[in-house]
Amino acid sequence: MTGILWYDTVVCILVFIFGAVIGSFLNVVIYRTPLKMSIISGPSHCFSCGEKIKPCDLVPIFSWIFLGGKCRNCKAPISARYTIVEALTGFSFLAAYLRFHASLPMVVAIVFFCLLIVLSCIDLDTLEIPYWCTISIAVLGIATFFTEPNMPWWEHFAGAAVIAVPFAVLALFGGMGGGDVQLMAACGFMLGWKIVPAAVIGVICGAIYGIFQTAITSKRDKSISASISVVFGDWLKTDGEKMVESSSDIVVGEIEKGVCKVNTEIFDEKAWINGKPSDEQINELNESISKLVGDVPKNKEFVFRITAENNTVKKVKFRQRIAFGPSLSVGLAISALHGEMIIKWYLDLMGIR
Ligand SMILES: [Zn+2]
């Protein structure tokens with residue numbers, strides 16, 4: 001190996017290690033900010049036994065592997081996610097360094113990747129993209145006015161506008177949430193035209209993730225659907241008043257933190273022959289469905305639709321709500337690194353340039 005190669009390899013390893021160390025700080029942010037805990041004060045401790053974690057057990061990635069993924073004191077399993085976040089941060093720093101070398105665009109890229117990792121994990125945990133992450137990305141967008149002088153100022157605004165409209169439509173039809181739309185608009189402001197390949201890759205990843213998620217939970221979701229069908233059928237019959245003629249979605253509701261909430265605002269009043277059910281009857285239904293879903297994870301959210309006709313249940317569809325933050329982040333990270341190349345490749349392919 002020549003001296004230059006040695007030097008490059010050592011720098012790459014150092015960049016990765018630096019990323020992994022920052023990654024273990026991101027883990028603290030991911031865990032503490034949704035709980036509104038301070039991210040600076042208080043040492044790390046085991047979630048099972050409360051024992052303070054020794055400094056020698058806080059080495060990113062290695063400590064987890066060395067301890068076999070268990071607490072040294074009580075042997076309770078430690079989630080692999082901490083290590084995955086550390087490794088992912090390490091690799092994203094390395095990717096930013098290899099693409100931009102030591103430069104201001106590299107600094108912008110690593111801050112961007114840190115925000116994407118944090119918002120993805122918080123979205124997985126809480127199904128919400130924290131507002132402070134979106135705002136920070138918009139601020140980062142202002143920084144790119146100086147770090148990327150080749151991009152005309154109007155391209156930032158064009159990027160935000162061009163992505164906000166289709167994503168707002170996606171949110172209207174369900175699936176995407178308002179947080180996803182805000183995130184993509186802020187990223188469009190930062191990335192300019194590079195937001196287009198980011199969105200295409202993100203939506204494809206989201207679709208693949210959705211298919212996998214559905215495959216994993218379909219058995220459980222089908223059995224819960226069947227139980228809701230029985231409970232709803234009984235509820236319809238409890239007093240002869242709740243006559244249902246025919247309608248597509250007679251009842252739509254959601255389950256948050258294990259509690260069922262039927263959406264009474266979108267009730268089709270014409271579907272109920274004797275007028276829509278009373279608040280008391282709705283509460284009764286909410287309680288019975290909440291009891292049914294007692295075993296599902298409390299940190300996940302679920303939606304269900306019930307179709308009924310002539311006072312009998314036709315179909316119940318129950319499914320887990322999906323976090324799109326991680327999938328969108330994959331597209332955003334790829335495009336932040338290689339968006340220009342992807343756009344050029346596509347234009348060449350179409351023979352436009
Ligand atoms: Zn422990």
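Q: How many of the contacts in the chain with a separation of 6 or more come from residues 24 or more positions apart?

A: Two residues are in contact if their C-beta atoms, placed from the backbone, lie within 7 Å. In this chain, residues 24 or more positions apart account for 70% of the contacts with a separation of 6 or more. The model is a predicted one, in which local features need pLDDT of at least 70 and side-chain atom pairs count only at pLDDT 80 or more, while totals for chains, interfaces and linings use all residues. Residues are numbered from 1 along each chain as its sequence is written.

Q: Which pattern does the chain follow when read along the sequence?

A: Helices (H or I, at least four residues) and strands (E, at least two) are DSSP runs, numbered from the N terminus. There are 10 helices and 4 strands in the chain, and along the sequence they follow the pattern α-α-α-α-α-α-α-α-β-β-α-β-β-α. The C-alpha trace spans about 85 × 60 × 35 Å along its principal axes.

Q: What share of the residues in the chain is buried?

A: A residue is buried if 20 or more other C-beta atoms lie within 10 Å of its own, exposed if 12 or fewer, and partly exposed in between, with the C-beta atoms placed from the backbone. By that count, buried residues make up 31% of the 353 residues in the chain.

Q: How should I read helix H1, and which of its residues are buried?

A: An α-helix has 3.6 residues a turn, so residues three or four places apart point the same way. Helix H1 (residues 3–32) has 30 residues and reaches 44 Å from its first C-alpha to its last, close to the 44 Å expected at 1.5 Å a residue, where the expected span is 1.5 Å times one less than the number of residues. The buried residues of H1 are Val15, Gly19, Ala20, Gly23, Leu26, Asn27 and Ile30, and what covers them includes helix H3 (81–100) and helix H4 (104–126).

Q: Which residues of the largest nonpolar core touch the most other members?

A: A nonpolar core is a set of buried Ala, Val, Leu, Ile, Met, Phe, Trp, Tyr and Cys residues joined through C-beta atoms within 7 Å. The largest such core here has 54 residues, of which Phe112, Phe113, Ile117, Val118, Met184 and Cys187 touch the most other members. Among the helices that each supply at least two residues of this core are H1, H3, helix H5 (131–147) and helix H10 (325–349), while the largest share, 13 residues, comes from H4. Leaving aside residues up to four places away in sequence, isoleucine 117 touches Leu26, Val85, Leu88 and Thr89. A second, separate core of 19 residues includes Ile228, Trp235, Leu236 and Ile255.

Q: How do the axes of H6 and H8 cross?

A: Two packed helices are described by the angle between their axes and the distance between the axes. Axes are lines fitted to C-alpha atoms, for helices over the stretch in contact, and angles run from 0 to 180 degrees between N-to-C directions. The axes of H6 and H8 come within 10 Å and cross at roughly 30 degrees. That makes H6 roughly parallel to H8, because angles under 35 degrees count as roughly parallel, over 145 as roughly antiparallel, 65 to 115 as roughly perpendicular and the rest as oblique. Gly159, Val162 and Ile163 of H6 make the contact with Ile195, Val196 and Ala199 of H8.

Q: Is alanine 199 buried or exposed?

A: Alanine 199, which lies in helix H8, is buried, because 23 other C-beta atoms lie within 10 Å. Not counting residues up to four places away in sequence, alanine 199 touches Ile163, Met184 and Gly331.

Q: Where is glutamate 301 found, and what does it touch?

A: Glutamate 301 is found in the loop between H9 and strand S3 (302–309), and it is partly exposed, with 18 other C-beta atoms within 10 Å. Glutamate 301 touches Leu127, Glu254, Ile255, Glu256 and Arg321, not counting residues up to four places away in sequence.

Q: Where is lysine 75 found, and what is its phi?

A: Lysine 75 is found in the loop between H2 and H3, and although it is not a glycine, it has a positive phi of about 65 degrees. With 12 other C-beta atoms within 10 Å, lysine 75 is exposed.
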